[in-house]
Amino acid sequence: MYNNTMIQLGNERSDIRELFEYGNARKKLVGSENVFDFSLGNPGVPAPLCVREETERLVREMPAVALHGYSSAPGLFEVREAVANYIRHAFGAEMKPDLVYMTCGASASLTIALNAILNKGDEVVVVAPFFPEYRVFVERAGGMLVVAPSDEKFHLDMQKLATCIGKNTKAVLLNSPNNPSGAVYAEEEIKALSALLEKKSAEKGEPILLLADEPYRELTYGAKVPYVMNFYEHSLVLYSFSKSLSLAGERIGYIAVSPKCAGAETLFSAVCGAGRALGYVCAPVLFQRVVATCLGKSSDVGEYKKNRDILYNALKEYGYECIPPEGAFYLFVKALEPEAKKFCERAKKHELLLVPSDSFGVTGYVRISYCVERSVIERSLPAFKALIEEYRK
Ligand code: PLP
């Protein structure tokens, strides 16, 4: 009677959401201080001061309708102009406001872009491990997800990518800094990928697009995040302020289409059409205005770095295997038995809520979101120690 796929999607919560709900129930039962919930990537460091100051100023000085009324469908022109200016100055890439579309966060940036470009049967190549919602977003846009494995350090493996990109590939969707591995793809990798895409596009007779999903761009621990538009012409940047400015609940981000993309204006029309078809028009206006003055700023990355260091150093000392994250706020740790789900069940007995890696397209790992309060990390360490000792027995 109703749409079966949607019923299924609604009933089958993602592993991450499932664990989060379990955590909430468990906290009620045993007390929140006794549960170590590392499930969600909900930024725990407060938004930078500029967000509060600008929000307060706008609320004080602007008429209500300019804050809470509609904007034009792709966003306020002055905000799109500020984003375009920022892209030009910060990254030296060409950009104009007419190719910027304000969205309700990265999820909307992704679904709009995918619906704008995909025809039935088109393939989108992603690199594992990847954000699990990619599968839902690609398939609901009529496409097919093709998963390219990464190398042993979770960086790009050009040979594997080359075998995954073919005549049906419409786009490669890249996420760096990466959720869940924390990898930041280096300039040499982006250059090599661009060369590969140029070759594959020539073989296909049509440009293959590069979609860069960048909600963690500013959250790095020294690594530089190359701006894809400077390396590959047919690029779109899918941005969100959810993580960089700790504004996940405000639902604000943007899509920037490179002017060098083949048929950039037509592609932007398709973006507007997909935004319309999905009902993603006129992103929250108050926060369009706020982010326009906070471009390039971020929450205190130093706080995430401290969390990363405490957790990474302790886990290595206890004997866990993991690679130090270069960015984002996740630690990707090898499970202590082949099946990550079984390992997570045992971790739950120690009140450790870890996400199994299967839905990220990789087996045998768990993701730990360390964007939580420092005290949660500190209090959780004996539990991690007890868990590995239990496996050693
Ligand atoms: N893309 C990646 C890689 C993510 O990690 C997330 C959220 O965790 C999203 C997209 C969705 O972000 P948003 O909350 O801005 O929709």
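**Close-up views of a predicted model**

**View 1. Pro 180 lies in the loop between strand 5 and helix 9.** Helices (H or I, at least four residues) and strands (E, at least two) are DSSP runs, numbered from the N terminus. This is a predicted model, where local features need pLDDT of at least 70, side-chain atom pairs need 80 or more, and totals for chains, interfaces and linings use all residues. Residues are numbered from 1 along each chain as its sequence is written, and side-chain values use heavy atoms, without hydrogens or water.

**View 2. Ser 176 and Pro 177 are joined by a cis peptide bond.** Here omega is about -10°. Where does Pro 177 sit? You'll find Pro 177 in the loop that runs between strand 5 (169-175) and helix 9 (187-204).

**View 3. Cys 282 has a positive phi.** The angle is about 55°, even though Cys 282 is not a glycine. To find Cys 282, go to the loop between helix 10 (264-278) and helix 11 (285-292).

**View 4. The ligand is surrounded by 15 residues.** Ser 107, Asp 213, Tyr 216, Ser 240 and Ser 242 are the closest. Which helix gives the most to this shell? That's helix 6 (residues 105-117), which puts in four residues. Sorted by type, the shell holds six nonpolar, six polar and three charged residues (charged means Asp, Glu, Lys and Arg; nonpolar means Ala, Val, Leu, Ile, Met, Phe, Trp, Tyr, Cys and Pro; the others, Gly among them, are polar).

**View 5. Ser 107, Ser 240 and Ser 242 each reach an oxygen atom of the ligand with a polar side-chain atom.** For Ser 107 the distance is 2.7 Å. Ser 240 also comes in at 2.7 Å, and for Ser 242 the value is 2.6 Å. How much of the ligand does the protein bury? Taken alone, the ligand exposes 400 Å², and 92% of that gets buried by the protein (Shrake-Rupley method, 1.4 Å probe).

**View 6. Zooming back out, the protein has 14 helices and 12 strands.** Its radius of gyration (over C-alpha atoms) is 21 Å, close to the 21 Å from the globule rule (2.2 Å times the number of residues to the power 0.38) for 393 residues, so the protein is as compact as a globular protein of that length. Along the principal axes, the C-alpha trace spans about 65 × 55 × 55 Å.

Methods: Near = heavy atom within 4 Å. Polar contact = N/O pair within 3.5 Å; in protein donor to acceptor, adjacent residues only side chain to side chain.
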